Amino acid sequence: MRKPKDKVAPADAGTGAGAGEPQPRQRVRANALAKPRPRPQQPPVALYSPAEVEEIFRRFSIQRPQPRGELDYVNAFTLLVAVVLSAQATDVGVNKATGPLFRVADTPEKMLALGEARVGESIRTIGLWRNKAKNVIALSEALIRDHGGAVPRTREALVTLPGVGRKTANVVLNVAFGQPTIAVDTHIFRIGNRIGLAPGATPEEVEAGLLRVVPAHYMRHAHHWLILHGRYVCKARKPDCAACVIADLCKWPDKTASVPAPLVEIEPPAPAASLCQPDARLRHLLRHRRQRAGKVDAAAGVEPDRGREARPHRVERRIGDAEIGGEPDEGQV
Ligand code: SF4
């Protein structure tokens with residue numbers, strides 16, 4: 001038979017907590033000693049309103065209506081190889097080596113037949129060439145074995161290939177297959193952080209930030225516009241703010257200009273002569289001239305007969321109208 005003193009009431013009948021649970025005062029002390037729980041991280045915030053981002057990419061799209069990268073390739077496979085080779089190397093240096101290489105090996109089968117030693121010979125001028133030659137042969141083997149010799153169209157499949165990381169996969173998906181990806185290289189990482197368009201501590205964070213802020217209709221070419229802007233204008237050591245078409249919008253405190261450079265179209269580089277049919281280069285130039293002469297650029301809203309000179313005027317007018325939601329810059333007025 002149980003003694004009356006054994007009948008212990010629940011410690012906290014009101015909450016249903018059982019015997020032995022800490023009393024409120026004990027709980028406060030225990031909470032004070034517990035490690036603080038990490039808070040869910042908020043994504044870094046872009047410094048620009050949607051209207052400002054729209055205006056930034058509108059200007060980039062007028063400057064380079066059909067941007068292209070500067071690596072030479074003739075198909076998805078050679079693009080993949082060129083991007084793998086371009087890690088820690090310049091596009092110019094890669095193009096010098098791949099011109100002769102792609103003329104004899106433009107498919108995984110031909111590359112495999114060439115063999116690691118000869119591929120290595122061809123790319124000797126590129127840094128880390130031994131490792132890269134190994135990867136080129138291994139990825140050619142993997143493409144033949146797992147994908148019937150074709151370059152896969154998903155990031156998941158691409159990153160399983162030797163020498164292929166997320167950035168390379170994003171370039172291939174964007175350039176070869178037209179997918180709206182952003183490959184964060186050194187230029188995009190710098191711009192995203194410097195001007196506060198997509199701040200982030202890692203390339204993945206910057207990529208996620210850009211995917212959040214770039215308007216869908218500019219996603220296809222955003223990657224190239226940002227790379228070319230970083231390579232030629234918003235350079236690492238000394239950004240050329242006087243030549244920058246978004247100088248008025250830029251929120252980098254150390255920028256050296258606040259008046260945007262005239263917004264004129266920049267002629268795209270012609271495909272490399274070494275990789276083209278003899279007349280392809282000429283056809284490219286003629287097509288570009290025809291486009292410039294008569295085409296209405298819907299994004300730019302430029303009338304066909306006003307030509308190149310009309311654009312700077314139009315942009316200045318739009319900025320003066322505070323169409324992007326800010327006050328006209330003093331230097332503008
Ligand atoms: S104003 Fe200067 S810092 Fe800003 S985006 Fe242009 S070049 Fe870069």
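I am working from a predicted model, in which local features need pLDDT of at least 70, side-chain atom pairs count only at pLDDT 80 or more, and totals for chains, interfaces and linings use all residues. Residues are numbered from 1 along each chain as its sequence is written.

Entry 1, α3 and α7. I took helices as DSSP runs (H or I, at least four residues), numbered from the N terminus. The axes of α3 (residues 76-85) and α7 (residues 129-147) come within 10 Å and cross at roughly 155°; axes are lines fitted to C-alpha atoms over the stretch in contact, with angles from 0 to 180 degrees between N-to-C directions. That makes α3 roughly antiparallel to α7 (angles over 145 degrees). I then listed the contacts (C-beta atoms, placed from the backbone, within 7 Å): Val81, Val84 and Leu85 of α3 meet Lys132, Asn135, Val136 and Leu139 of α7.

Entry 2, α9. I counted a residue as buried if 20 or more other C-beta atoms, placed from the backbone, lie within 10 Å of its own. Nine of the 10 residues of α9 (residues 166-175) are buried, so this helix is largely enclosed by the rest of the structure. The buried residues pack against α3, α8 (155-158), α11 (203-213) and α12 (219-232).

Which residues of α12 are buried? I found His221, Ala222, His223, His224, Trp225, Leu226, Ile227, Leu228, His229 and Gly230, which is 10 of its 14 residues. They pack against α2 (50-63), α9, α10 (186-194) and α11.

Technical notes:
Parallel < 35°, antiparallel > 145°, perpendicular 65-115°, else oblique. Buried ≥ 20, exposed ≤ 12 C-beta atoms within 10 Å, placed from the backbone.
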